[in-house]
Amino acid sequence: MNWIEKIEDNFSLIKKIVFVTGAGISHESGIPTFRGKDGLWRNHDAMKLATIDAFNENPQFVWEWYNERRKNIFESFPNKGHQAIAELQELFDVVVLTQNVDGLHKKAGSRNVYELHGDIITLRCTNCDFIEENFSEFSEFPPKCRCGSILRPNVVWFGESLPQQVWRNSIIHASESDLMIIVGTSLVVSPANTLPLIAKENGSILMEINPEKTEMSAEMDFSIQEKSAKFLPEFVNELKKIKSRK
Ligand code: NAD
Ligand code: ZN
């Protein structure tokens, strides 16, 4: 049975669609992935750039790298993949659990977005609770908080916990999903990579969209080797056609 037949057969049961997305969905918006072909970690040492120890040791160096990434992200736009997901919320209860820090799902108009790894746009104080929203230009470098401490990118670095409330809600949404679509993630980063298993244990259909096989492809009901900006619009059209037949 192919994915279209499976969805058609189960259509009346599919109320909630949960997307788990990663860097791959933004690749066609011009944002490099971490581990894919031409991924950032191919040329950079993650431990020197994306840990609190690296930041404490050399905030200037880490900020320079983050500023490059922020500049790239500020200049980028949602692609047809992000847009297709946003369009689907007119037909279903759609939730997006994203590992991305680029804000492109929200820019595309998705309403229920949970950013598991924070966002690269805002800044957070290393000392107090202060969060600087929509900060694009620094008057001093590295940027400082009103309390005098250094501000850091508001992302989750290796070894850090996910924002608690976001993670709790993500588990609930994963367990309530009827169809989970995993897009553009290598599924090697924990605990985000446990979400498909949580969904599966609760009877959800699992579908993966990634031009390459991942370590969890074997767990999927359907593993589709395509690029998301091409596949997702076709997927949404197919769902619309199925709906019109019902
Ligand atoms: P990853 O780099 O580990 O994996 C990216 C995956 O996307 C690969 O499996 C690759 O085959 C696939 N891919 C590449 N092009 C694709 C396309 N056009 N369509 C669909 N899939 C495609 O990324 P990850 O699993 O998200 O890694 C986790 C970490 O990377 C997260 O912590 C996240 O914060 C961070 N990250 C985020 C961004 C962003 O916000 N855009 C960019 C780079 C890294
Ligand atoms: Zn502060």
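I take axes as lines fitted to C-alpha atoms, for helices over the stretch in contact, with angles running from 0 to 180 degrees between N-to-C directions. Contact here means heavy atoms within 4.5 Å, while helices (H or I, at least four residues) and strands (E, at least two) are DSSP runs numbered from the N terminus.

The model I am reading is predicted, so I note that local features need pLDDT of at least 70 and side-chain atom pairs count only at pLDDT 80 or more, whereas totals for chains, interfaces and linings use all residues. Residues are numbered from 1 along each chain as its sequence is written, chains are lettered from A and ligands numbered from 1 in the order in which they are written, and side-chain values use heavy atoms, without hydrogens and water.

Entry on the sheet. I looked up the strand order and found an open sheet of 6 strands, β3-β2-β1-β7-β8-β9, with parallel pairing (two strands pair if DSSP finds at least two bridges between them). Because β3 (113-115) and β9 each have a single partner strand, they stand at the edges, and one side of each is left without a neighbour in the sheet. From one strand to the next the twist averages 15 degrees.

Entry on helix α10. I found that Phe-231, Leu-232 and Phe-235 are among the buried residues of α10, where buried means under 20% relative accessible area, exposed over 50% and partly exposed in between (1.4 Å probe, protein chains only). The elements covering the buried residues of α10 include α6 (80-88), β1 (16-21) and β9 (222-224).

Entry on the zinc ion. I checked the donors of the zinc ion (ligand 2), counting N, O and S atoms within 2.8 Å of the metal (3.2 Å for Na, K and Ca), and since water is not among the atoms, sites may look incomplete. The protein donors are the SG atoms of Cys-125, Cys-128, Cys-145 and Cys-147, lying 2.2 to 2.3 Å from the zinc ion. Cys-145 counts as buried because its relative accessibility is 8%, whereas Cys-147 is partly exposed at 41%.

Entry on strand β4. I noted that 7 of the 8 residues of β4 (residues 118-125) are buried. A hairpin of 5 residues joins β4 to β5, and β4 pairs with β6 (residues 151-155) in the antiparallel sense over 4 bridges.
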